[in-house]
Amino acid sequence: MISLEKITWDNWEACINLRVRDDQKPFIASNVYSLAQSYVALLNDRQPPMTYAICLGKTVIGFAMAYRETARESRFSEDSYVICRFMIDKDYQGRGYGKMALARLLDKIRAFPLGSADAVYVAYNRSNEAARALYAGFGFIETGIVSYGEMIARLPLAGRNFVKARFKRYANKANTREHQA
Ligand SMILES: CC(C)(COP(=O)(O)OP(=O)(O)OC[C@H]1O[C@@H](n2cnc3c(N)ncnc32)[C@H](O)[C@@H]1OP(=O)(O)O)[C@@H](O)C(=O)NCCC(=O)NCCS
């Protein structure tokens, strides 16, 4: 049984001891980096980050981190949640746990703990086939926008309208920048 638990004194060290495969290291920051980053966000940002230990029963097997942006803060000009870290330890990959954990994370996001939103965004390395397939399976659609080598994908949240014109304007600008770089 997969659950998402808050980071506590009991599980934080297990979280930082989780590892991805060597070939996956370019795809994600270490969990110690992410927890340090979440501490800075906690002290400075308007809203706290969402950080979770992904647990199989009582065993910590993964880590997830997300945050919310207002339309003003978002490069896409819409209230949104951003999944910035999501990993399953190398010894537990390929057994369906990533899928179960992502379903739990999306359930939490859909409860709008930090406020409502129009969409969920995620970015993954263009060569990260596992991430592409995982997110596509949940309905994320690639925007075509690449930022720092990572494809940005979007999942619309029911009941909120996406301002297509604004998004298109941003996409055109980003593509122009990408081609100029
Ligand atoms: C991406 C990741 C979280 C998937 O976790 P997982 O537990 O191995 O995934 P699951 O076993 O639940 O598989 C879920 C789906 O992912 C895809 N997938 C998983 N491994 C895959 C692989 N090696 N190649 C292609 N697709 C793969 C499949 O679509 C799979 O669904 P299916 O079995 O119905 O086809 C894991 O590989 C990981 O931690 N990678 C390193 C960190 C990372 O890249 N994070 C994403 C960017 S933030």
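The structure is a predicted model, in which local features need pLDDT of at least 70 and side-chain atom pairs count only at pLDDT 80 or more, whereas totals for chains, interfaces and linings use all residues. Residues are numbered from 1 along each chain as its sequence is written.

The protein contains five helices and seven strands; helices (H or I, at least four residues) and strands (E, at least two) are DSSP runs, numbered from the N terminus. Along the sequence these elements follow the pattern β-α-α-β-β-β-α-β-α-β-β-α. Of the 181 residues in the protein, 30% are buried, a residue being buried if 20 or more other C-beta atoms lie within 10 Å of its own, exposed if 12 or fewer, and partly exposed in between, with C-beta atoms placed from the backbone. Two residues are in contact if their C-beta atoms, placed from the backbone, lie within 7 Å. Among contacts between residues at least 6 apart in sequence, 64% join residues at least 24 apart.

A nonpolar core is a set of buried Ala, Val, Leu, Ile, Met, Phe, Trp, Tyr and Cys residues joined through C-beta atoms within 7 Å. The largest such core has 38 residues, and Ile 54, Phe 63, Ala 64, Ala 66, Ile 83, Val 120 and Val 122 have the most contacts inside it. Elements that each supply at least two residues of this core include strand 2 (50-56), strand 3 (59-69), strand 5 (119-125) and strand 7 (150-156). The largest share of this core, seven residues, comes from strand 4. Nine of the nine residues of strand 4 are buried, so this strand is largely enclosed by the rest of the structure.

Two strands pair if DSSP finds at least two bridges between them. Strand 3 and strand 4 run antiparallel and are joined by eight bridges; the bridge partner of Ala 66 in strand 4 is Ile 83. Strand 4 pairs with strand 5 in the parallel sense over four bridges, and Val 82 stands opposite Tyr 121 in strand 5. From strand 4 the chain crosses through helix 3 to strand 5 in a right-handed β-α-β crossover, the term denoting that, with the strands pointing away from the viewer, the path from the first strand over the helix to the second runs clockwise.

Tyr 81 lies in strand 4 and counts as buried because it has 28 C-beta neighbours inside 10 Å. Neighbours within four places in sequence aside, Tyr 81 is in contact with Ala 66, Arg 68, Ile 109, Ala 117 and Val 120. In the loop between strand 3 and strand 4, Ser 77 has a positive phi of about 55° although it is not a glycine.
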